[in-house]
Amino acid sequence: MPNKTIYVSDEDLPLFQRAQELAGGKLSTAISVALRRYVETEEGRKEGYDEIIVQVGQGAGRKQRFSGVLLGEWGRTTGNRMEMFRVYRSRKDKYVLHVDRSPDWTDSLTSGADNWLEGLLSRGAWRSYLGLADSSWGFVQGEATLEVVDTFEMLRGQIPDEFYDLIADLAERPTVEDLDI
């Protein structure tokens, strides 16, 4: 196996020592992992892709990262919840759907009403908002999902039809178009 000598400044020595600890005592492992990630990120950036980090799961969830370009986003409200759809094209020409749903709120005063104002007025809920009556409320944690599909057509039915139509022509465009000018 070939040897490479790396000269480290005194001020960077603690960084290299910590990397070695995190890599189980093998500095070469830490350096290889860091360089692999650096090369992938920089090659993607030069091809017009961004590093995308999204949250998935319920509540705080966890984060996932990939290289992609945002084709579009679409928001809507349904009942007591907001949904945000984002579609990306990945560096490997797959399509990534990230759906972020807000918490689902409910309260004893306006539940069953078509809208908040109707519930507030028709049930005398205004008394609770003024502190003159009891009330209760609750919510279910929001959640976010990430799905990867092979073709743009596979997104049909998973995103609102209007959104699908809006970004359909973007799916076929190149990420970066080189002009000979």
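Predicted model: local features only at pLDDT ≥ 70, side-chain atom pairs only at ≥ 80, totals over all residues.
1. Residues are numbered from 1 along each chain as its sequence is written, and side-chain values use heavy atoms, with hydrogens and water left out.

2. Which residue meets the side chain of Arg 86 in a salt bridge? That partner is Glu 73, at 3.2 Å from N to O. The pair links distant parts of the chain, with Glu 73 in strand β2 and Arg 86 in strand β3, 13 residues apart. A salt bridge is a side-chain nitrogen of Lys or Arg within 4 Å of a carboxyl oxygen of Asp or Glu. Glu 73 is partly exposed, with a relative accessible area of 41%.

3. Strand β2 (residues 62-78) and strand β3 (residues 81-90) pair in the antiparallel sense over 10 bridges. Strands (E, at least two residues) and helices (H or I, at least four) are DSSP runs numbered from the N terminus, and two strands pair if DSSP finds at least two bridges between them. The hairpin of β2 and β3 has two residues between the strands, and Gly 79 in the turn has a positive phi of about 65 degrees.

4. On to the other partner of β3, where seven bridges join β3 to β4 in an antiparallel run. Their hairpin has four residues between the strands, and there Asp 93 takes a positive phi near 60 degrees. Eight of the 10 residues of β3 are buried, so this strand is largely enclosed by the rest of the structure.

5. Now for His 98, which lies in strand β4 (residues 95-101) and has Arg 86 opposite. Is His 98 buried or exposed? His 98 is buried, with a relative accessible area of 4%. A polar atom of the His 98 side chain lies 2.8 Å from the backbone oxygen of Gln 55. Leaving aside neighbours within four places in sequence, His 98 is in contact (heavy atoms within 4.5 Å) with residues including Val 54, Met 84, Tyr 88 and Leu 146.

6. Stepping back to the fold, five strands close into a barrel in the order β1-β2-β3-β4-β7, with antiparallel pairing.

7. Back to charges: how many salt bridges does a search of the whole structure find? There are nine. One of them joins the side chains of Glu 51 and Arg 37 (2.4 Å, N to O). Glu 51 lies in strand β1 (residues 50-58) and Arg 37 in helix α2 (residues 27-46), so this pair ties together parts that are 14 residues apart in sequence. Glu 51 is partly exposed at 39% relative accessible area, and Arg 37 is partly exposed at 34%.

8. A further salt bridge brings together the side chains of Glu 47 and Arg 91 (3.0 Å, N to O). Glu 47 lies in the loop between α2 and β1 and Arg 91 in the loop between β3 and β4, so the pair ties together parts that are 44 residues apart in sequence. Arg 91 is partly exposed, with a relative accessible area of 26%.

Notes
Buried < 20%, exposed > 50% of the residue type's maximum accessible area, 1.4 Å probe, protein only. Polar contact = N/O pair within 3.5 Å; in protein donor to acceptor, adjacent residues only side chain to side chain.
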